Amino acid sequence: MTMLKEGRPTAPIPVEDAHMAPATVTGNRALMLEEKLIFEIGSNDTTGVDFAVVPEVASRLGTLARTDAIGLPGLSEQETVRHYTRLSRQNYAIDLGLFPLGSCTMKHNPRLNEKVARMPGFADVHPLQPQSTVQGALGVINELAVWLIQLTGMHGVAMTPKAGAHGELCGLLCIRAALEARGDARQVVLVPESAHGTNPATAAFCGYKVEDIPATPDGRVDLEALKARLGPDVAAVMITNPNTCGLFERDMKVISDAVHAVGAFVYCDGANFNAIVGRVRPGDLGVDAMHINLHKTFSTPHGGGGPGSGPVVLSEALSPFGPLPYTARMADGTIHLIEEENVGEEMPQSFGRMSAFHGQMGMFTRALAYILSHGADGLRQVAEDAVLNANYILRSLEDVLDAPFGGSGPCMHEALFSDKGFADGFTTLDIAKGLIDEGFHPMTMYFPLVVHGAMLVEPTETESKAALDQFILALRSLAQRAKAGDDALKGAPYHAPRRRLDETLAARKPVLTWSEPEMAQAAE
Ligand SMILES: *Cc1c(COP(=O)(O)O)cnc(C)c1O
């Protein structure tokens, strides 16, 4: 073993006698502690809190009164804290390492944003407070709206949608309202094959018939096929740009012109806006509506189901149909929330509301803090660095992994690989499980569907070259093992708290509530 002059080894020390290690009696493995379910640690008949004895009172609940035990485990404060801390250590987080999930844009979340979002003037306000007492919070919404309109070159913005998918719904509802206003009942929404699943789902939810548009061999929308399908029955085309193959749709303006020529609208899925922010304005490309995932492009911790925020920028043609409420700066400098009762002449055609109040205040403050701390030039660099990092990964790995569109020039913010060339029986799943052993969250797998065994890697702009190099080292070694048919890879992960789970069984027969017999059955 070679040593640095500081006395540290130059490379990881392989544990040659690891197979000799006896199983521990506790199930713990050094600092990795085995943890049971909270129901198994606590018990129904204990409590961690001392309550005064409740005096006997006549129940007024009648037949609604609970007759059996409530079934909550009782634990002391320390037991509770340890339980959740132990579980949290089995999790992976952006604060631990690179999170290469393509399409998800898992980037570092600056602590500054968190500090700002927790300021009492933002964190402790109530949505029903008189507007004169929350001018600062309304000012944040209004200023963020101005930035989003500027950055996208659009005419208006709906701030209330609470996620990307919710934004898609908002955009299509605007399109439907605009079509209905001119008495035009169109039935069809066109969606490219490579689209995120939320696109066709949203269109179907709005009652449209969804039709696929094929992709060209270089991973982009087939312009001729699209043009051939356009007609008076098409309400909208939903296009992701940059698309989910990590490629810029170069024909976007031609597409928009063709779509507008038949009286339809262009919906752009803007989840990948981080790749073009500060460089391209979707408004210049003829987009009519586009959601921006604030929690992707403009940071905010996300994943695990929330929180998110999906403002929708709108063209001049669609803005009058956008949702309420929205903010407006008055002549005297105050900011008003325009609601149904004070909408006046301005937006009589609004399709209604997307959410009860103003949207996700915490995400607004984080996004504005991110935007202001980067500035216009810094945001441009976000896009440039995100693209540079992805291309570094693409070019560093294309000799060992098949890059289906690598030949058609640089990618945008994500690098896409396929499973072509793996030994018989080796799959993308094996690579993903191997990455867990190497200390990385797996990349996005089997999406987009247009690529066999897809591996979609998005490093984001916030990773250093050193971090990228370590990830590349891991992925390169796994790719080589899959190509060589190294059977040991089929058993990975070896070092994780749990090994390969039966994901199909878990999806088909999820055990969501705890009861002893059920757990016993599942274990059989
Ligand atoms: C993330 C994503 C969405 C959905 O956004 P949510 O905020 O998760 O609802 C839609 N399209 C693409 C391309 C995405 O990456």
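**Close-up views of a predicted model**

**View 1. Strand β2 and its parallel partners.** Strand β2 (residues 188-192) runs parallel to strand β3 (residues 209-213), to which 5 bridges join β2. Helices (H or I, at least four residues) and strands (E, at least two) are DSSP runs, numbered from the N terminus, and two strands pair if DSSP finds at least two bridges between them. The model is predicted: local features need pLDDT of at least 70 and side-chain atom pairs count only at pLDDT 80 or more, whereas totals for chains, interfaces and linings use all residues. Residues are numbered from 1 along each chain as its sequence is written, and side-chain values use heavy atoms, with hydrogens and water left out. Opposite valine 191 stands aspartate 212 of β3. With strand β4 (residues 234-240), β2 pairs in the parallel sense over 3 bridges; here leucine 190 stands opposite valine 237.

**View 2. The two faces of β2.** In a regular strand the side chains alternate between the two faces of the sheet. Val188, Leu190 and Pro192 on one side of β2, and Val189 and Val191 on the other, are all buried (under 20% relative accessible area, with a 1.4 Å probe and protein chains only). Together with helix α7 (residues 198-205) and β3, β2 makes a right-handed β-α-β unit; right-handed means that, with the strands pointing away from the viewer, the path from the first strand over the helix to the second runs clockwise.

**View 3. The shell around the ligand.** Residues surrounding the ligand include Ala163, Glu168, His196, Thr198, Asn293 and His295, each having a heavy atom within 4 Å of the ligand. The shell divides into 3 nonpolar, 6 polar and 3 charged residues. Helix α6 gives the most, with 3 residues.

View 4. A polar contact is a pair of N or O atoms within 3.5 Å. A polar side-chain atom of serine 103 lies 2.7 Å from an oxygen atom of the ligand, and one of lysine 296 lies 2.8 Å from an oxygen atom of the ligand. An N or O atom in the side chain of aspartate 269 is 2.5 Å from a ligand nitrogen atom. The protein buries 86% of the 380 Å² that the ligand exposes when taken alone (Shrake-Rupley method, 1.4 Å probe).

**View 5. The antiparallel sheet.** An open sheet of 3 strands has the order β10-β12-β11, with antiparallel pairing. Its edge strands, β10 (415-417) and β11 (444-445), each pair on one side only. Between β11 and strand β12 (residues 455-457) there are 2 bridges, and methionine 445 stands opposite methionine 455.

Conventions. Buried < 20%, exposed > 50% of the residue type's maximum accessible area, 1.4 Å probe, protein only. Polar contact = N/O pair within 3.5 Å; in protein donor to acceptor, adjacent residues only side chain to side chain. Nonpolar A, V, L, I, M, F, W, Y, C, P; charged D, E, K, R; others polar.
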